[in-house]
Amino acid sequence: MKRKSNMIIAITLCLCLMSVLFSGISVSADSGFDTNMTGWTAADGTTWTNDETGYWNGKYDEDSSTSNYKHLAKSDTVISRDKSFTYEIQYQFDGYGVGLALNVVDRNNFYAIEINCDKNVYTPKVENGTWGLFGPMESVATDDQISSETVHTMLFDYDASTGGAKVFVDGTETITLVYVPDSAFGNLGLYYEDGEARFIKATYTEKESGEGPATPTTSFETNMGEWSSADGSEWKETVNGYSCVGSSSGRHVAMSSIEVDGTKSFEYELTFKYSGHGAGMAFAVVDAANVAAIEINRESRLYFPILTDGIWGTFYSDGQNLSSAQMEAEYHTLKFIYYAQDEAAEVYLDDELMQEIWFDDSSVISGKLGVHHEDATVYYTKAIYTEIEDPTPAPTQVPTATPEATEVPATEVPATDAPTEAPAKKDGGCGSSSAIAQIMLILGAALIIKKKK
């Protein structure tokens, strides 16, 4: 009886083991999604399918009613700033755009690296439903890289020693992120927009960090004290210079410790490089809605925007158009020289005088000095402030030395009888020749003084 019971138990265990084994084979055979990351779930309120063709999601008709065509899935894998890693995906896609996702919460809160049918490889982010960019937008994709007929590979390579990352599409480097913002770290995921996506691989691999300091101290030359964000975004000193790493879309402002009031002459020199719309120096910095600036932009001009409580205007007429050499230069140097005595300034770009400014009210530049850009990725490499002594005003009339008095020996003049009547006037004139000479001398001095004024 025991032998029969033991045999039944053994057969039962074998059947259970085989069931588990075949169940594992069945799951593996049915999945075309190669991943070492667990916990994959939809993050967009739609249904994602994992089958023999991969991990995929379709195009949804209701997206047009919600005006949200962005779809995401997220994993349990969480990235952190202090660990270097690579994240590689493979996919096939037909539609507008596709890529990998960082810090996925839902379709209204995520970061992504996307390649789209406009041949852009870029860095969209959505925070509380508001769209923006956290890095450059590069029009570098080829026809082969956006083909819907082939399987593509995208690799995100993050280096914790520098805080930066590189993006490769089908083995070709397409984007360099000098610094990945703190807000991009979180759950890794998958992303596509307005189309149909099939993902066949998603693998995360930690690696040893490279050498080098996380915050280099020589990339931003400045004597202007402590710099800080004035726009609520994250600003950092990166390997390329001081930069707003939190966002490259919209208007961004940072301020120094230097404050001016229009009563002292000074020079402010700023060197930077940018890709995007425009960048330059800032005055009277309070925040992004209250600032004055001198900016160069891709419209090939120098201009003088001012914002007061978010209302845009200009505090001076536009300066000269930029030359082709100035437009093509990698780095630009703006120099602002203010003369307090005249309430006037000169603006130089790359050593060329671009504009003379005469202020009706110098309060438009009074306050904290800083930097300003809009819809651009900018690296500021130099910001130097120098006070200037005002020249001594020239006198209106140069005084002449007074000769020292000398004593004249007294001589006795013999007395004469007083004249009985005044001497006759010559030529019926108006006085003696000495009196006329004195009057002419006084008039001449007055004319000289008036002319010098």
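**Notebook: salt bridges**

The model is a predicted one.

Entry on the total. I looked up the salt bridges and found that the structure holds 13. I followed up some of them, including the one between Asp143 and Lys119.

Entry on Asp143 and Lys119. I read 2.6 Å between the closest N and O atoms of this salt bridge. I then placed both residues: Asp143 is in the loop between β10 (130-133) and β11 (152-159), and Lys119 is in the loop between β7 (109-116) and β8 (121-122), so the pair ties together parts that are 24 residues apart in sequence. I checked accessibility for Asp143 as well; at 51% it counts as exposed, the cut-off being over 50%.

Entry on Lys125 and Glu127. I found their side chains joined in a salt bridge, with 3.4 Å from N to O. For Glu127 I noted 34% relative accessibility, which counts as partly exposed.

Entry on Arg251 and Glu374. I found a salt bridge here too, its closest N and O atoms 3.5 Å apart. I located Arg251 in strand β19 (residues 251-260) and Glu374 in strand β28 (residues 367-388), so this pair ties together parts that are 123 residues apart in sequence. I wrote down Arg251 as partly exposed, at 22% relative accessible area. Glu374 I wrote down as buried, at 11%, because buried means under 20%.

Notes: Residues numbered from 1 in each chain as written. Predicted model: local features only at pLDDT ≥ 70, side-chain atom pairs only at ≥ 80, totals over all residues. Heavy atoms only, no water. Salt bridge = Lys/Arg side-chain N within 4 Å of Asp/Glu carboxyl O. Helix = DSSP H or I, 4+ residues; strand = E, 2+ residues; numbered from the N terminus. Buried < 20%, exposed > 50% of the residue type's maximum accessible area, 1.4 Å probe, protein only.
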